[in-house]
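These notes are for a colleague opening this entry for the first time.

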Amino acid sequence: MGFAHVLNSGQFQLPDLQQLFKLSDKIRAYNDTKDGLMFLQGLLPHKRAMLFFSQPSTRTFLSFQSACHILGMHTSEIRDPSTSSEKKGETIEDSLRTFSSYVDLIIMRSPTPGLCERIAAMLDNTKSAVPIINAGSGPDEHPTQALLDLYTLERSFKEQGGLAGKTICMVGDLKRGRTVRSLSLLLTHYKDVTIIFCSPPEFKIASDLRTRLEKAKHISFIETTNFQDSIAAADAIYMTRIQDEYDALDPSLQQIDTTKFNLTAAHLPQLKTTCKILHPMPRRKELDTKIDADPRATYWQQQRNGMWIRTAIIANLMGVADVI
Amino acid sequence: MGFAHVLNSGQFQLPDLQQLFKLSDKIRAYNDTKDGLMFLQGLLPHKRAMLFFSQPSTRTFLSFQSACHILGMHTSEIRDPSTSSEKKGETIEDSLRTFSSYVDLIIMRSPTPGLCERIAAMLDNTKSAVPIINAGSGPDEHPTQALLDLYTLERSFKEQGGLAGKTICMVGDLKRGRTVRSLSLLLTHYKDVTIIFCSPPEFKIASDLRTRLEKAKHISFIETTNFQDSIAAADAIYMTRIQDEYDALDPSLQQIDTTKFNLTAAHLPQLKTTCKILHPMPRRKELDTKIDADPRATYWQQQRNGMWIRTAIIANLMGVADVI
Amino acid sequence: MGFAHVLNSGQFQLPDLQQLFKLSDKIRAYNDTKDGLMFLQGLLPHKRAMLFFSQPSTRTFLSFQSACHILGMHTSEIRDPSTSSEKKGETIEDSLRTFSSYVDLIIMRSPTPGLCERIAAMLDNTKSAVPIINAGSGPDEHPTQALLDLYTLERSFKEQGGLAGKTICMVGDLKRGRTVRSLSLLLTHYKDVTIIFCSPPEFKIASDLRTRLEKAKHISFIETTNFQDSIAAADAIYMTRIQDEYDALDPSLQQIDTTKFNLTAAHLPQLKTTCKILHPMPRRKELDTKIDADPRATYWQQQRNGMWIRTAIIANLMGVADVI
């Protein structure tokens with residue numbers, strides 16, 4: 001296998017996921033020794049990646065850049081679009097076609113839904129097509145976040161028979177958080193997963209997601225406002241923050257009291273002893289820092305997993321997955 | 001040979017140009033294999049370059065950075081002068097002398113005419129002189145752009161007996177575009193080139209350029225407003241954009257209708273079948289995107305040539321041209 | 001030895017200083033040949049450093065980045081905190097714990113006193129602790145600046161029997177310049193050093209520094225406003241600039257005439273022939289550029305020493321000091 005681009009989480013089927021997760025595991029193992037790290041370094045030192053981030057995201061940026069560096073790639077970056085020739089009236093298509101003349105891979109994040117698809121299609125029609133990775137496109141897609149979340153769940157349940165049959169509780173702003181959407185859809189590839197969507201009524205999942213999950217064969221889900229029961233039943237809890245950067249669009253949402261849906265140290269005794277607590281980060285009050293010391297806190301490993309899965313994706317796109 | 005600095009396009013004589021273009025050709029050939037790329041990587045991994053861009057230019061920045069990376073160099077960058085200690089009242093001379101203590105090459109772009117020359121002269125008086133490359137100094141000089149344009153023309157005519165005797169049509173804002181000035185002067189090194197300068201009367205070439213071209217031995221030129229005849233006669237068309245970032249200085253220029261000088265797909269049947277279409281980019285309406293698919297569109301290769309010629313220049317300055 | 005972090009200049013005892021300076025000397029020697037440089041490159045190519053500069057400082061930034069590159073490390077950077085997820089309400093602790101999942105070393109500069117200590121302590125409680133280097137924390141600490149100043153003095157006096165017994169004259173804003181504070185305290189590790197603090201009365205050293213120096217065994221100091229006598233008596237002059245970025249806090253300080261404390265070319269005949277002139281840079285009017293050509297001007301070497309000492313510090317923290 002080997003993808004041409006990574007544009008949305010819908011492009012991954014179960015075998016793709018399994019191959020990527022296996023590759024991530026291998027890369028992580030190489031990390032344990034200098035020899036292993038030097039082997040990875042030697043894979044792509046002759047290749048150059050560009051990170052084009054017209055929407056800021058330190059976390060995603062740094063984990064992608066580190067992923068490039070792990071494979072020995074040189075990186076260039078644009079993090080402030082005002083330094084770009086867009087100022088001189090250039091279209092984004094021309095800008096990215098230009099970048100594609102200089103580098104071998106473009107990792108892009110933008111506030112514009114569908115932009116990555118459009119750029120990938122445009123480049124595919126040229127002689128200098130390079131792979132595009134969607135590192136987040138506004139409220140639309142963030143496929144590598146979905147992959148790292150799923151990878152973290154898979155690894156978490158390795159000694160408990162895998163993801164199949166598990167109950168995942170998603171909490172918070174289920175309406176606007178794109179990670180909830182993407183992760184839920186990826187979970188349909190696994191057998192008999194149950195999702196508990198737990199949120200204030202105003203932040204319930206969008207109707208189109210509900211419809212898609214209803215049609216899916218292998219998944220069952222419930223929607224509830226009962227936080228206590230939800231977290232007690234969960235094999236994993238996926239906390240999310242309120243996406244209030246979008247609140248300007250609907251000021252009434254600012255008034256909603258979400259404190260009942262905050263996970264605090266006081267809740268810990270109610271959780272299963274094997275429960276895994278995830279969060280795509282950044283967090284605010286919804287996830288108490290006192291939980292950090294609990295062995296069930298899995299969100300720091302989750303972040304590091306972001307680097308491994310992104311390294312695996314780049315290795316796949318650049319054609320070196322087979323030698324790892 | 002081996003330059004001390006690259007400061008202006010006037011410093012290059014015909015043998016210099018031929019050596020640089022040959023070097024660029026070789027570097028491009030190495031690019032075809034991993035072994036070739038690894039050979040280039042191995043040339044300067046122990047050297048560090050700094051890109052000091054106090055005037056934004058994504059295109060030039062990225063092609064220079066990629067050129068450094070091709071040769072294995074580490075790069076540092078300053079793209080926003082407000083992060084610099086100029087804020088604390090430091091002179092630009094002190095800043096650049098400081099940078100020269102840390103790196104082996106400085107690539108600088110600034111809005112200030114003559115700044116590169118001044119810095120190069122200052123550094124030459126110190127024990128830690130490092131090469132300076134002028135990556136554009138306001139409306140003044142942009143020597144590597146002129147070199148990449150000329151290199152693109154040379155390569156374009158390789159199978160047609162070379163540049164000598166060819167007719168180059170330059171279109172657009174010939175008054176203020178510095179690339180037109182530099183390229184025209186470099187063309188005087190070739191035998192019997194004819195330049196057609198085609199523009200609205202308000203955008204004719206500056207009188208000092210006219211005088212210099214009149215004195216040159218090997219070149220003839222005409223000035224015209226007849227777009228149709230000009231493009232039909234051309235072996236290569238060099239389109240340029242209206243430099244309206246300078247219009248604030250002369251608002252009357254904003255009123256000029258330049259649409260008659262736009263190259264559109266409708267013009268393609270009138271061009272020679274071997275005609276090459278160039279543009280220093282970024283483009284706006286003066287060059288129709290529908291032309292991109294035409295085999296005569298040469299501007300994407302032209303951009304990539306910018307990376308090769310810059311790699312050649314760096315190799316020359318850093319003393320590794322001979323081993324390539 | 002081998003530090004866990006570099007947080008403040010008070011953590012260094014004489015053997016630490018001597019080991020670091022010896023290491024710096026060795027690193028500098030490797031710099032003379034391509035083989036030497038390639039050896040250094042080979043030490044940490046599998047390691048990644050992050051430069052987190054939420055307070056701008058080009059000089060410190062670039063010398064640290066070059067230090068990383070000398071050892072072959074890949075670097076990531078944050079120079080504008082507004083690109084960070086702090087915008088989304090993340091704490092600085094969460095941000096830095098995140099970064100520590102992606103890289104092997106964090107070099108941080110911030111306007112917040114004590115932040116580095118706080119972050120280092122936080123990370124030490126996690127499984128993924130990485131070394132922290134304080135690259136300046138507001139008016140508080142800037143340990144690597146103090147080390148480079150001291151290293152420059154040590155090297156300067158190598159052929160004059162070392163630092164012991166020498167007279168160092170510090171001039172300028174002794175009240176607010178943190179480099180004066182740190183360097184003075186480090187000088188207490190050497191035998192019989194005399195410090196002349198020469199400044200306008202309003203810029204005398206802070207009382208806590210005075211107290212600490214009075215308690216120190218091996219150092220004597222005087223405070224004076226007599227510039228002429230001070231510079232004539234000095235084995236080294238350490239010029240500093242007025243820290244007027246803090247003047248908003250005390251506007252009366254803006255009225256003080258400091259011109260009597262400026263070192264100009266006219267003073268050169270009064271200095272000892274072996275006197276060394278240092279300045280932490282950036283300079284303004286307090287240090288005449290005409291002095292640059294005098295062999296006693298040591299501030300350019302001082303800047304380059306910043307790169308060597310920082311390379312030594314990184315080598316120490318990353319566990320490769322022993323093989324250099």
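1. The model is predicted, and what follows should be read with that in mind. Start with the contact between two of the chains: 30 residues of chain A touch 25 residues of chain C. Together the two chains bury about 2,500 Å², with 52% of that area on carbon and sulfur atoms. On the chain A side, the residues that lose the most area to chain C are Thr58(A), Leu62(A) and Trp300(A), which together make up 21% of what that side buries.

2. How are the two chains placed relative to each other? The surfaces that the copies bring to the contact are different, as 3% of the contact residues of chain A recur in chain C.

3. Which charged pairs cross from chain A to chain C? The rule finds two salt bridges across this interface. One pair to look at is Arg283(A) with Asp94(C), a salt bridge whose closest N and O atoms are 2.5 Å apart.

4. Three helices of chain A, namely α2 (34–41), α3 (58–70) and α10 (299–317), each give at least two residues to the side that touches chain C. Of that side, the largest share is from α3(A), with eight residues. By class, the residues on this side of chain A split into 10 nonpolar, 10 polar and 10 charged.

5. Turning to chain A by itself, the domain assignment divides the chain into domain 1 (9–141 + 306–323) and domain 2 (143–244 + 251–293). Both domains are written as two segments of the sequence. Their C-alpha centres are 27 Å apart.

6. How many residues meet between the domains of chain A? Contact involves 25 residues of domain 1 and 19 residues of domain 2. The area buried between them is about 2,000 Å², and carbon and sulfur atoms account for 60% of it. On the domain 1 side, Ser9(A), Phe21(A) and Arg59(A) lose the most area to domain 2, together 28% of what that side buries.

7. The rule finds two salt bridges between the domains of chain A. A salt bridge joins the side chains of Asp25(A) and Arg155(A), with 2.7 Å from N to O. Seven residue pairs are in polar contact between domain 1 and domain 2, again with both residues at pLDDT 80 or more.

8. Which elements build the domain 1 side of this contact? In chain A, α1 (14–30), α3, β4 (132–137) and α10 each give two or more residues to the side that touches domain 2. The most come from α1(A), which gives seven residues. This side of domain 1 has 10 nonpolar, eight polar and seven charged residues.

How values were computed: Residues are numbered from 1 along each chain as its sequence is written. Chains are lettered from A and ligands numbered from 1 in the order in which they are written. This is a predicted model: local features need pLDDT of at least 70, side-chain atom pairs count only at pLDDT 80 or more; totals for chains, interfaces and linings use all residues. Side-chain values use heavy atoms; hydrogens and water are left out. Contact means heavy atoms within 4.5 Å. Buried area is the accessible area (1.4 Å probe) that two parts lose on being put together, summed over both. A salt bridge is a side-chain nitrogen of Lys or Arg within 4 Å of a carboxyl oxygen of Asp or Glu. Helices (H or I, at least four residues) and strands (E, at least two) are DSSP runs, numbered from the N terminus. Ala, Val, Leu, Ile, Met, Phe, Trp, Tyr, Cys and Pro count as nonpolar, Asp, Glu, Lys and Arg as charged, and the others, Gly among them, as polar. Domain bounds come from an automatic or database domain assignment. A polar contact is a pair of N or O atoms within 3.5 Å; within protein, one must be able to donate a hydrogen and the other to accept it, and residues adjacent in sequence count only if both atoms are side-chain atoms.
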